[in-house]
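Please keep the sequence and the 3D view side by side while reading.

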Amino acid sequence: MKVSFERIVPSEKSSFRTLHNNSPICEFKWEYHYHPEIELVCVISGNGTRHVGYHKSNYTNGDLVLIGSNIPHSGFGLNSTDPHEEIVLQFREEILQFPPQEVDAVSIKNLLELSKYGIHFHHKIKRNMLPKLRTLLESEGYRRYLLLLEILFELSQCKDYELLNKEIMPYTIISKNKARLENIFTFVENNYDKEIKIENAAKLANLTLPAFCNFFKKATQITFTEFVNRYRINKACLLMAQDKTISECSYNCGFNNVTYFNRMFKKYTGKTPSEFIRNYSSNKVNV
């Protein structure tokens, strides 16, 4: 799993960038990255994984998330299946200049401040925003910029959202420890389906066991064991979406005990595996 800095170039004759991704997901690299631009991601339909800052979870039936400047995140096509379609806006905060007397602009500034935690908007808001986002893709000149302001203002008035992180992840944590974290993430990615010993992860990071535990907790805000369990449960959710049985998901994701798997699944998703499968089949789950 790579952690990289992404350089964003505004669209032609524009102060910000718009993307309309509807190609097969195999054509994109959905890696963990960061950039100074604030990003609004609208997944029109489909399922996948949202990984924003310290937060990692699955989404179904599309998604709408606002991600703050320099907050590490993965592309929303991660663990997705075709067809995958999304609209993405990427802009720097400095293009949004408002006079001090513009009272309504305060709500947009507050929205951008909250975006540092990652904001997940509910499906109803995504449906309401989608026509404006489609119109923005087809617009040019100043009309395009006005639509961006209009979208941000409407989002700033919404109450149906949740913050994905309890703390802001400084991108410096990722950038300063990039190689070490990449090695650890890749180690878990390649071995989640079998026993993972924390001593091996510490050795990979070239740290003593106590030093590794302190480093990982500081970098991710969770313990290494919790990170592994979350990763495994995330993979189990994806297998369930492919009609695998609970026991298959348990053993294929490194859990040797179905009872323990059920307990961990409930802990991290708030639902039992059976509840997840029932809700997923009716497109109501949002883990």
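## The second largest pocket

In this predicted model, β1 (3-5), β2, β4 and β8 each supply at least two residues of the lining of the second largest pocket, where helices (H or I, at least four residues) and strands (E, at least two) are DSSP runs numbered from the N terminus. A pocket is, on a 1 Å grid over the protein atoms alone, an open set of points with protein on both sides within 12 Å along at least five of seven lines, whereas a cavity is a set of points where a 1.4 Å probe fits but cannot get out; lining residues have an atom within 4 Å of a point.

The volume of this second largest pocket is about 340 Å³, a volume being the space filled by probe spheres set on grid points that are joined across faces, edges and corners. Its lining has 20 residues, with Glu6, Lys29, Trp30, His33 and Gly75 nearest the centre, and by class they divide into seven nonpolar, seven polar and six charged. Here Ala, Val, Leu, Ile, Met, Phe, Trp, Tyr, Cys and Pro count as nonpolar, Asp, Glu, Lys and Arg as charged, and the others, Gly among them, as polar.

## The largest pocket

The largest pocket has a volume of about 630 Å³, and of the 24 residues lining it, Tyr54, His55, Lys56, Leu164 and Arg230 are the closest to its centre. At least two lining residues come from each of β6, β10 (161-163), α8 and α10 (258-269), and the lining comprises eight nonpolar, nine polar and seven charged residues.

One cavity of 30 Å³ or more is present, and the largest cavity holds about 170 Å³ of space. Among its 16 lining residues, His51, Gly53, Tyr54, Ile222 and Phe227 lie nearest the centre; α8 gives the most to this lining, with three residues, and the lining has 10 nonpolar, four polar and two charged residues.

## Helix α2

Helix α2 (residues 123-138) has 16 residues and should span 22 Å at 1.5 Å a residue, which agrees with the 23 Å between its end C-alpha atoms; the expected span is 1.5 Å times one less than the number of residues. A kink of about 35° lies at Met129, shortly before Pro131, the bend being the angle between axes fitted to the seven residues ending there and the seven starting there.

## Basis of the values

Residues are numbered from 1 along each chain as its sequence is written, and side-chain values use heavy atoms, with hydrogens and water left out. Local features need pLDDT of at least 70 and side-chain atom pairs count only at pLDDT 80 or more, while totals for chains, interfaces and linings use all residues.
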